Amino acid sequence: MAGVVHVSLAALLLLPMAPAMHSDCIFKKEQAMCLEKIQRANELMGFNDSSPGCPGMWDNITCWKPAHVGEMVLVSCPELFRIFNPDQDMGVVSRNCTEDGWSEPFPHYFDACGFDEYESETGDQDYYYLSVKALYTVGYSTSLVTLTTAMVILCRFRKLHCTRNFIHMNLFVSFMLRAISVFIKDWILYAEQDSNHCFISTVECKAVMVFFHYCVVSNYFWLFIEGLYLFTLLVETFFPERRYFYWYTIIGWGTPTVCVTVWATLRLYFDDTGCWDMNDSTALWWVIKGPVVGSIMVNFVLFIGIIVILVQKLQSPDMGGNESSIYLRLARSTLLLIPLFGIHYTVFAFSPENVSKRERLVFELGLGSFQGFVVAVLYCFLNGEVQAEIKRKWRSWKVNRYFAVDFKHRHPSLASSGVNGGTQLSILSKSSSQIRMSGLPADNLAT
């Protein structure tokens, strides 16, 4: 199961990891190739079940071709060990074909290929990958629930409908789609606890991977839109928000569509192998990775520019306050912008794939899965406008409920006829507003 998780984490990172295929899948692929080689060798040498000698075999590590009695066969250490132990000199392993069959390998895989080190490393990695998977599952689940609640709030209250919140809502949707796509991918591709996923190559699983990449790229681009919107708002004096929002929508949802469509088309014609969850072709992968890295770096530049503008505004005489309060407000503003802009992604944006892989998994998957939760809390639940609107609606509901109960007790005959306190309250409020519009005092009207 942990081997399955390793492949899943590699696909989630949006970065090609080494090896591009997990060890379980590599062994499966080597085994299939070995059986084909043995079959061809048997045909060339005229071997069958009754022939003397040693039949070809796959010993779960490497391939041994058929041999005659007295023949010694030499094989190199599997390529997999070179990947996991690049600094170790790989040797050769031999077997003798005797009348009793194959002899034991000499020297043993432990000595020639460092097999014991590989087993200990994979054992630790299995536990580590399972821990990271559990962490990002909790993170995406928490983010999905929080973001759904935030979307209901922003959609429910009309006073919160503005360009800024519309952009927030699109960002929330991109986070929600990212979480959903992760769960769908894990369910479709890696539900099996064996290595059957290594040879899955169906239209269904490829469509899942295309949808997954689209959701991830869209999320990065809406983080970029948040940064671009805030920077434009601070720089532009007259800012036609509605016209800009049209272009923001095209960039946020349209650009990922183009990138992923181009990648899927190229993958279909030039690298249609497996389920498209691993990326052996670096050139094709940059069709998706390039725009993502570009959006991260542009967002970082916008982030620096916004911080400079905030420093200038906070240091202006009109702001007031001492120096410590100015820096406190600057620090708070900076911390609020980091999750909104996705600045933490710049830490590993240009680092080599084989450097700090464990730290990258924890940082980008473990902590990154909670980014949607943090953004929803900061820009919805802790937002002053949202809190004020919720309190207003709560007070209005309590007043309506009080009048409804009170009116029912005071006038049971009217209450039974369908007239309630809420209706009476709305009638009174409409009458009072008409009185104010007429410009006459209420007491004059009474007389």
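S143 has its place in helix 5 (residues 115-156), where helices (H or I, at least four residues) and strands (E, at least two) are DSSP runs numbered from the N terminus. The structure is a predicted model, in which local features need pLDDT of at least 70 and side-chain atom pairs count only at pLDDT 80 or more, while totals for chains, interfaces and linings use all residues. Residues are numbered from 1 along each chain as its sequence is written, and side-chain values use heavy atoms, with hydrogens and water left out.

With a relative accessible area of 2%, S143 is buried; buried means under 20% relative accessible area, exposed over 50%, and partly exposed in between, for a 1.4 Å probe and protein chains only. When its neighbours within four places in sequence are left aside, S143 is in contact with S369, F370, Q371, G372 and F373, contact being defined as heavy atoms within 4.5 Å.

The cysteines were examined next. A disulfide is taken to be a pair of cysteine sulfur atoms within 2.5 Å, and by this rule the count comes to 3 disulfides. One of them joins C34 to C63, with an S to S distance of 2.1 Å. Because C34 lies in helix 2 (residues 23-45) and C63 in strand 2 (residues 63-64), this pair ties together parts that are 29 residues apart in sequence. The torsion about the S-S bond of C34 and C63 is about 75°, so the disulfide is right-handed. C34 counts as buried at 1% relative accessibility, whereas C63, at 22%, counts as partly exposed.

A disulfide is also formed by C54 and C97, whose sulfur atoms are 2.1 Å apart. This pair links distant parts of the chain, with C54 in the loop between helix 2 and strand 1 (57-58) and C97 in strand 4, 43 residues apart. The S-S torsion of C54 and C97 is about 105°, and the disulfide is therefore right-handed. The sulfur atoms of C205 and C275, in turn, lie 2.0 Å apart in a disulfide, and both C205 and C275 are buried. By contrast, the sulfur of C155 is 10.0 Å from the closest cysteine sulfur, that of C380, which is too far for a bond.

Strand 4 (residues 92-98) is joined to strand 5 by 2 bridges, and T98 stands opposite G101 in strand 5.

Note on methods:
Two strands pair if DSSP finds at least two bridges between them.
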